[in-house]
Amino acid sequence: MTLTTDENRNNIMDQFIKPNLAEAFPNLEVEFEPGGGGEDMANKIKTYNASGDMPDVFWNDAGFFTSLNQAGNIMDLKPHITESGFLNKYKVPEALEHFDGKIYSIASGADTYFTPVIFYHKDLFEQAGAEVPQTFDELIEVSKKLKDNGIVPVATPGKDGWAPKLFMLQQMVQIEDPEAMSKLVTNETDFNDPAVVAGVERMERLVKEGVFADGIANLDYGPAMEMFTSKRSAMLWMFTWELPNMAKIEGVDFFPFPSAGPAYDQNKVVQFWGSPLNGYAVSAKTAHPDEAVQLAEFLAMQDALYFESVGSAIALETGNTASDLDPLMEKFLTWYNGAEVMIPSMALNSLDARMSSEMSTQGARLLTGEYPAADFIKVMNQEWEANTWFD
């Protein structure tokens with residue numbers, strides 16, 4: 001069971017995994033179950049975990065790892081992939097290790113290069129007389145110009161609090177104070193931190209200023225993407241896993257989230273998506289451990305081959321000669337590799353299952369424009385105190 005929420009995941013399955021599986025494993029019969037994503041995936045994993053009958057191989061996520069580990073339903077892959085030599089194919093093998101020294105998931109390593117940016121249509125900006133904003137206030141003003149010209153300023157997935165949990169809160173905090181965001185990720189501060197409060201208030205302001213598409217709280221991933229690709233919105237707030245697809249659209253460029261304070265340099269600070277827990281995992285109770293680990297290795301390699309084919313940077317060596325990069329990807333890597341401050345994604349590195357679910361719920365409520373930032377902070381602080389991730 002794996003993610004089936006976005007074009008990349010579906011392309012990996014349809015163009016790489018399924019066509020190559022029979023040749024790689026002629027003696028295996030493999031049944032695939034679409035996992036969906038977000039809360040749908042989490043609920044399926046929760047049901048399997050409670051029953052103790054996990055899929056042999058499944059996509060792991062920080063949001064539900066703790067409960068899987070506590071139930072003894074996820075395998076430590078380290079001894080297996082060390083013996084097979086698969087671990088040696090990673091440029092930085094240590095990046096796969098959880099803080100307990102074990103390895104629970106393997107993937108292409110492309111996650112390390114995924115970060116949220118603002119994609120935009122250059123011609124729609126020109127049409128509205130707008131320039132790329134350098135500050136948060138300028139972002140608001142640009143959005144007003146676009147709206148005055150009949151153009152939706154920003155599309156991003158808001159349903160189930162997807163964008164608020166995965167990057168929006170983090171970006172709105174770190175564009176003023178990267179250090180405060182780093183401390184929140186590592187549990188050295190809480191939601192009462194002035195920089196965190198200010199970040200939540202920025203989210204509230206974005207909604208009330210009409211920056212987002214109408215009904216943003218119910219806008220799903222696919223419709224958000226379609227709104228941008230059809231040019232019904234001028235900007236798309238999204239992770240760079242969509243960059244290869246965006247590079248195919250004429251006139252699309254990107255810029256980092258603009259600054260809300262002197263402590264933040266948009267050319268030096270990035271949020272990275274990578275987590276050692278994200279990737280293909282194996283049930284500790286599988287009846288076929290050797291075959292399951294081999295299948296997980298195969299799946300990780302298909303991920304790598306796919307991302308390599310579309311010009312993405314990866315950490316898992318495929319043995320192929322690197323191809324020329326698309327100009328947009330080259331621009332991205334120049335910017336990303338120049339970062340001096342790299343902050344892990346809070347959603348993947350700081351939240352237990354309950355906290356993750358609550359952040360989704362509260363984030364979606366904040367996007368309605370009818371839920372005060374103060375209420376969001378109050379609830380999230382209560383959940384933060386009960387968060388078991390750091391126990």
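What is the volume of the largest pocket? The largest pocket has a volume of about 1100 Å³, a volume being the space filled by probe spheres set on grid points joined across faces, edges and corners. A pocket here is an open set of points, on a 1 Å grid over the protein atoms alone, where a 1.4 Å probe fits, with protein on both sides within 12 Å along at least five of seven lines; lining residues have an atom within 4 Å of a point.

The model is a predicted one, in which local features need pLDDT of at least 70, side-chain atom pairs count only at pLDDT 80 or more, and totals for chains, interfaces and linings use all residues. Residues are numbered from 1 along each chain as its sequence is written, and side-chain values use heavy atoms, without hydrogens and water.

The largest pocket is lined by 44 residues, and Leu 3, Gly 37, Gly 38, Glu 39 and Met 41 are the closest to its centre. Helix H2 gives the most to this lining, with nine residues; helices (H or I, at least four residues) and strands (E, at least two) are DSSP runs numbered from the N terminus. Other elements giving two or more residues include helix H1 (7-24) and H10.

Helix H10 (residues 221-229) also lies across strands S2, S3, S4 and S5. These strands form an open sheet in the order S3-S4-S2-S5, with mixed pairing, where two strands pair if DSSP finds at least two bridges between them. Strands S3 (152-155) and S5 (252-255) are the edge strands. S2 and S5 pair in the antiparallel sense over four bridges, and Phe 119 has Phe 254 in S5 as its bridge partner.

Terms used:
Contact means heavy atoms within 4.5 Å. Axes are lines fitted to C-alpha atoms, for helices over the stretch in contact, and angles run from 0 to 180 degrees between N-to-C directions.
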